[in-house]
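Colleague: I have a model here and a list of terms that go with it. Could you take me through the terms one by one?

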Amino acid sequence: MQKPAGEEPEDPLTVTPSKKWATGVPAVAHALEYSLEQTSPWRTGVTLLTMNQVDGIDCPGCAWADPSPGHRHRNEYCENGAKHINDEATTRRITADFFRRYTVSELGRRSDMWLNHQGRLTEPMVKWAGSDHYEPISWADALGVLSEELTSLDSPDEAVFYTSGRASNEAAFVLQLFARAYGTNNLPDCSNMCHESSGFALHETLGTGKGTVSLHDMHHADLIFLVGQNPGTNHPRQLSALEQAKLNGARIIAVNPLPEAGLLRFKNPQKVRGVLGRGVQIADRFLHIRPGGDLALFQGLNRLLLEAEDARPGSVLDHDFIRTHTSGFEEFARHARTVEWKDILSATGLTLKEIEKVRDDVLRSERVIACWAMGVTQHKHGVPTIREIVNFLLLRGNVGKAGAGACPVRGHSNVQGDRTMGVWEQMPDSFLDALRQEFGFDPPRAHGLDTVNSIRAMREGRIKFFLALAGNFVRAAPDSAVTEEAMRKCRLTAHISTKLNRSHTVCGRTALILPTLGRTERDVQAGGEQFVTVENSMSEVHTSRGRLKPASKLLLSEVAILCRLARRTLNGRADIPWHGFEADYGAIRDRISRVVPGLHDFNRRVARPGGIRLPNPVNEGVFPTAVGKALFTCNAWEMPHAPEGHLLLQTLRSHDQWNTIPYTLDDRYRGIHGSRRVVLVNPADLAELGLAEGEHVDLVSVWTDGAERRAEDFEVVPYPTARGSAAAYYPETQVLVPLDSVAEISNQPTSKGIVVRLEPAPVRPGASPR
């Protein structure tokens, strides 16, 4: 049971056997329990019955696609989605009295969960230089502080504008427009930390940074790979799509360093077999791969497919597709045959027989989809891994046809939409040219700073101003101590937020909290009641309309905050109708329709049930790469290595968590209850390391800079992780991810490949007895 909002939980760790299936009736019960602890039965009913419905509230959680209108269940949400939406719809409130009671330093010592459970922010707050308290400030004065700081900078490039996937399309477009009219491309976003490797790999090989499949494709595939993802926790509604695919005859191969309940069996609580029966088996084959071994796995599969073609010429590869639509096949084929089996088996931890069985599954399948998530992208070789997955799909023509394709599964509700709206530090000239044509100013052309480079620049004193549109930057970013030190060097930090989080306690010289409407709340402006739009993982853009009364009369929408700040700061420097944008979001969409390809006639088309499916050139047989065809690539074999006495650590979410915020201390699918400071280790590795179940250890990461990064006092839990690896919860372990440990090409932090040693933890002063 959740502790009251004013208390820190003190329950001891208990460990039970991990679950062999996901969802079912317990998921419904847990969703309702958490929802009713946060808000009233009436508000819970409003949010859940309108969630993911046509003209309803889009889930603020993951970005999984909705079924088409007319095919949606009355309860079109998952356990985690219900928790996310009612966590925002909570009736708990933070007022000025709260900030008089707690200093910033005291709040900084509280847990992520405690901060979140205090409730909704209700009025603008400021922490002045030299003070340790936030205090109330009017909106006019808060915006004045922001604009004065921006206009005093020596260069626009001394400012950074960060965006989280919780922002709407309209807010994201306004933010990037403001930043570029101000004069900078410093637009880091949460995608820099989750799927940047996907974007770079897909752009290079297919000419588009997005996935190529639809929900209809998922339902009608013959074979689906789930690589480095845990749908049961991170995007549970994907399980419904996988269930439908299985009922239509698909086979599913799960590739993961941990066996996850959602990859084993799914009990759909919306169907009788999910309530009374055993549900549906999800994975027909589970490959217990070592972290970072996915590149080697697909290199092995590609070699086997080439050898099968040698044995049966003309019967394995799609030569017509390869000849017509691809480039680089011959060079790729020569390279693929050079990868040694001893290296493939060493990197994957699999046997040749296991990989050959997967090849046989592929040969029996006409339509194949490859899904992946951060278990692939957050490695040093994430981009080469995804390029190799694309090679695999190209060999048998599984790109651009129904029931087949590439499916990077985004974990945040509008992270893909942010990028479509221009929130990227490297937007192409075609987008910048469209902005110039539409708004009459010349946007800056030099590439800006991504997340990692923004932190480096703050640390070096080159960034003075930091504004975050949603999110919890300091907990999502790598190298926690370095990130916090860097943020504190800013002259001003400001966060547009719905709830309190750790980032509000890590302040520049001056700090502002700017409370905003949530997605669940009615947004009424001068032009009437507004709706916003979002884009899901499958490039579908649709509306989201809040239904609840705002948490406070002092809240402003994201769009209103940004438009008012732009007016104060730019003072007419660009011919942009900020007043009109704030009054009527349709005016923003009109401009988007003339800037963003595929969103022509935006207002009319998005109002239709189901919204707009953005065009993907790949599905039209067009590959806008440098050579006008899909590219085969040659990727050097690579695997992460942990020296003797060390393990390869991957960070992950618990089941009762969304992004950086835990809702409880439990992870019931993995059998962890009452604590998050646990490290999951294979029993054989524990024996080799001389460690025992329940022992307390410090996790110490090893990196080339020689600096010690330590996460203190974790309890050892035996768990069937892949040999040589361990797992622990994020964001508590972000302190272990070196800022300079990044993926090649994409500069994405490598949170799934951290070399650590486990040291016995000393009893520290003030610690509870063990």
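Modeller: What follows is a set of questions about the words used for this structure, each answered from its definition.

Modeller: The model is predicted, so local features need pLDDT of at least 70 and side-chain atom pairs count only at pLDDT 80 or more, while totals for chains, interfaces and linings use all residues. Residues are numbered from 1 along each chain as its sequence is written, and side-chain values use heavy atoms, with hydrogens and water left out.

Colleague: Why are α2 and α3 called oblique to each other?

Modeller: Helices (DSSP runs of H or I, at least four residues) and strands (E, at least two) are numbered from the N terminus. Helix α2 covers residues 41-50 and helix α3 residues 79-88; they pack at an angle of about 125°, and their axes are 10 Å apart. An axis is a line fitted to C-alpha atoms, for helices over the stretch in contact, and angles between N-to-C directions run from 0 to 180 degrees. Under 35 degrees counts as roughly parallel, over 145 as roughly antiparallel, 65 to 115 as roughly perpendicular, and the rest as oblique. The angle of about 125° belongs to the rest, and α2 and α3 are therefore oblique.

Colleague: What kind of crossing does α2 make as it passes α3?

Modeller: The crossing is right-handed.

Colleague: Which residues meet where α2 touches α3?

Modeller: Contact means heavy atoms within 4.5 Å. On the α2 side are Arg43, Thr44, Thr47 and Leu48, and on the α3 side Ala82, Ile85 and Asn86. By class, this contact has three nonpolar, three polar and one charged residues. Ala, Val, Leu, Ile, Met, Phe, Trp, Tyr, Cys and Pro count as nonpolar, Asp, Glu, Lys and Arg as charged, and the others, Gly among them, as polar.

Colleague: Why is one side of β12 and of β15 left without a neighbour in the sheet?

Modeller: Two strands pair if DSSP finds at least two bridges between them. This open sheet has five strands in the order β12-β9-β8-β14-β15, with parallel pairing. Strands β12 (285-288) and β15 (405-408) stand at its edges with a single partner strand each, so one side of each has no neighbour. From one strand to the next, the twist averages 15°.

Colleague: How many bridges pair β8 with β14?

Modeller: Strand β8 (residues 223-227) and strand β14 (residues 368-372) pair over five bridges, in the parallel sense. Opposite Leu226 stands Cys371 in β14. Helix α22 (residues 382-395) packs on this sheet and touches β8, β14 and β15, with a direction at about 170° to that of β14.

Colleague: How many residues of β17 are buried?

Modeller: Buried means under 20% relative accessible area, exposed over 50%, and partly exposed in between, with a 1.4 Å probe and protein chains only. In β17 (residues 492-497), six of its six residues are buried. Leu492, Ala494 and Ile496 point one way, and Thr493, His495 and Ser497 the other way.

Colleague: Why does Asp601 count as partly exposed?

Modeller: Its relative accessibility is 36%, so Asp601 counts as partly exposed. The residue is in the loop between α30 (585-595) and α31 (602-606), and its phi is near 55°, a positive value in a residue other than glycine.

Colleague: What is the relative accessible area of Asp713?

Modeller: It is 24%, so Asp713 is partly exposed. Asp713 is in strand β31 (residues 709-718), and has a positive phi of about 60° although it is not a glycine.

Colleague: Which peptide bond is cis, and what is its omega?

Modeller: The bond from Tyr730 to Pro731 is cis, with omega near 15°. Pro731 is found in the loop between β32 (725-729) and β33 (754-760).

Key: Left-handed = near helix turned anticlockwise from the far one by under 90°.
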